[in-house]
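Consider the model displayed here, taking the chain as a whole before turning to a single residue.

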Amino acid sequence: MIHAIQEHHRLSPARVLRTAARSATFILAGALLAACNPSSPPSSQTSSPTAAATAAPTSTTIAPLAAPAVATACPAESFDQFLPLFQNDINVQKAYVTDPLQSDSVDPNADPEPKPVSKSLPKDQVTFPIMPSQADQTKDGLTAKRTDASATEVAVKLVKPDTDYQMTFFFRKDDCWHLYRVKDDSL
């Protein structure tokens with residue numbers, strides 16, 4: 001088989017063997033990581049063994065392979081436990097915002113009257129923190145009201161009394177809780 005690869009790609013025998021050895025190392029490292037943490041879902045990052053082999057030496061590739069397993073672990077099962085983590089940790093916000101995020105707002109300058117505007121924001125266009133921390137909410141005089149639409153859908157509305165500030169954050173649970181929509185009704 002190595003001979004066939006060598007002939008097809010016109011590579012030197014040494015290069016074919018190095019590439020095959022690196023590919024086998026990556027496959028073995030992935031299998032070992034999967035065996036160490038069988039309850040973690042598979043990584044969503046897929047790359048070809050050849051691309052991975054040319055990207056970095058074997059000794060530095062094991063750590064990045066382990067990172068997605070940690071990042072995919074849901075920080076909390078219940079929404080009551082998840083919300084404080086989401087509000088107070090920007091890394092949790094970045095990990096648990098859908099891509100794209102639905103963003104609804106009001107255009108106050110539309111003629112003849114303000115009109116709703118809806119956009120799908122790619123995650124790289126979302127400004128974090130997207131939801132103020134509990135300390136910032138208290139400091140800014142915001143009050144929160146939670147509405148449970150179902151066991152897997154929850155909305156949290158932040159309002160500042162005696163102002164037009166009104167933001168609603170919509171969460172949905174699949175493998176974990178995710179912010180999938182933000183609605184800004186402020187004028």
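A contact, as the word is used here, means heavy atoms within 4.5 Å. On that basis, in the protein chain of this predicted model, residues 24 or more positions apart account for 46% of the contacts with a separation of 6 or more.

The secondary structure of the protein chain consists of 7 helices and 6 strands. Their order along the sequence is α-α-α-α-α-α-β-β-α-β-β-β-β.

As for the surface, the protein chain has 187 residues, of which 26% count as buried.

One residue can now be followed in detail. Asp 184 lies in strand S6, which covers residues 177–184. Is Asp 184 buried, exposed or partly exposed? Buried requires a relative accessible area under 20% and exposed requires over 50%; Asp 184 has a relative accessibility of 26%, so Asp 184 counts as partly exposed.

The surroundings of Asp 184 include residues from other parts of the sequence. Leaving aside residues up to four places away in sequence, Asp 184 touches Asp 104, Ser 105 and Val 106, as well as Gln 166 and Met 167. Thr 168 is 16 residues from Asp 184 in sequence, and the C-alpha atoms of the two are 6.5 Å apart in space. A polar contact of 2.9 Å joins the side chain of Asp 184 to the side chain of Ser 186.

Technical notes: Residues are numbered from 1 along each chain as its sequence is written. This is a predicted model: local features need pLDDT of at least 70, side-chain atom pairs count only at pLDDT 80 or more; totals for chains, interfaces and linings use all residues. Side-chain values use heavy atoms; hydrogens and water are left out. Helices (H or I, at least four residues) and strands (E, at least two) are DSSP runs, numbered from the N terminus. Buried means under 20% relative accessible area, exposed over 50%, partly exposed in between (1.4 Å probe, protein chains only). A polar contact is a pair of N or O atoms within 3.5 Å; within protein, one must be able to donate a hydrogen and the other to accept it, and residues adjacent in sequence count only if both atoms are side-chain atoms.
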